[in-house]
Amino acid sequence: EIPVYIVAVMVNPAGTDSGNEWVSILNLSDEVINLEGWKLADPEKGRELRLVGAVDPGHAFVVQNISPIHLVNSGGSISLCNASGERVDRVHYTRSQVKEGVAVRFLGR
């Protein structure tokens, strides 16, 4: 198991959602994680975004402009898959967690 997690998502940014939604990924391993070939996926809509870049040990990486994925304000889920296509994390959020301009956080799990 790779200790890389989705820790926060901006589902409902202040103002326009398009282009302003983001996902924060945290690397809890002791190695740099190369995100080449990794992807974020919206399992309900079948959309995915291929990732590029790297996450240093103990650091977060914010994926800006997550189009074609659209985080629905009424609730949903998002998955993180490694370069082999294996799901390494999946988070769910509900309508009650979504507040304008406030990230939904997934801590303590």
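**From a loop serine to the sheet and core**

In this predicted model, the side chains of serine 29 and asparagine 27 are joined by a polar contact of 2.7 Å. Serine 29 belongs to the loop between β2 and β3 (33–34), and its side chain also reaches the backbone oxygen of glutamate 31, at 2.9 Å. Leaving out residues up to four places away in sequence, serine 29 touches Pro3, Pro57 and Gly58. Its relative accessibility is 15%, and because buried means under 20%, serine 29 counts as buried despite its place in a loop.

From this loop we can turn to the sheet. An open sheet is formed by 4 strands in the order β5-β4-β8-β9, with antiparallel pairing. The edges are taken by β5 (47–50) and β9 (87–94), each of which has a single partner strand, so that one side of each is left without a neighbour in the sheet. From one strand to the next, the twist averages 20°. Within this arrangement, strand β4 (residues 39–42) pairs with strand β8 (residues 75–81) in the antiparallel sense over 3 bridges, and alanine 41 stands opposite serine 79 in β8.

Serine 79, which lies in strand β8, counts as buried at 5% relative accessibility. Apart from neighbours within four places in sequence, serine 79 is in contact with Ile6, Lys39, Leu40, Ala41, Pro43, Arg87, Asp89 and Arg90. Between serine 79 and glycine 108 there are 29 residues in sequence and 18 Å in space, taken from C-alpha to C-alpha.

One of the contacts of serine 79, aspartate 89, is found in strand β9 and, with 7% relative accessibility, counts as buried. A polar atom of the side chain of aspartate 89 lies 2.7 Å from the backbone nitrogen of isoleucine 6.

The largest nonpolar core has 25 residues, of which Ile6, Val9, Leu40, Leu51, Ile78 and Leu80 touch the most other members. At least two residues of this core are supplied by each of β1 (4–10), β2 (22–27), β8 and β9. In soluble globular proteins, nonpolar side chains tend to be buried together.

Definitions and conventions:
Residues numbered from 1 in each chain as written. Predicted model: local features only at pLDDT ≥ 70, side-chain atom pairs only at ≥ 80, totals over all residues. Heavy atoms only, no water. Pairing = 2+ DSSP bridges. Axes fitted to C-alpha atoms, helices over the stretch in contact; angles between N-to-C directions. Buried < 20%, exposed > 50% of the residue type's maximum accessible area, 1.4 Å probe, protein only. Polar contact = N/O pair within 3.5 Å; in protein donor to acceptor, adjacent residues only side chain to side chain. Core = buried A, V, L, I, M, F, W, Y, C linked by side-chain atoms within 4.5 Å. Contact = heavy atoms within 4.5 Å.
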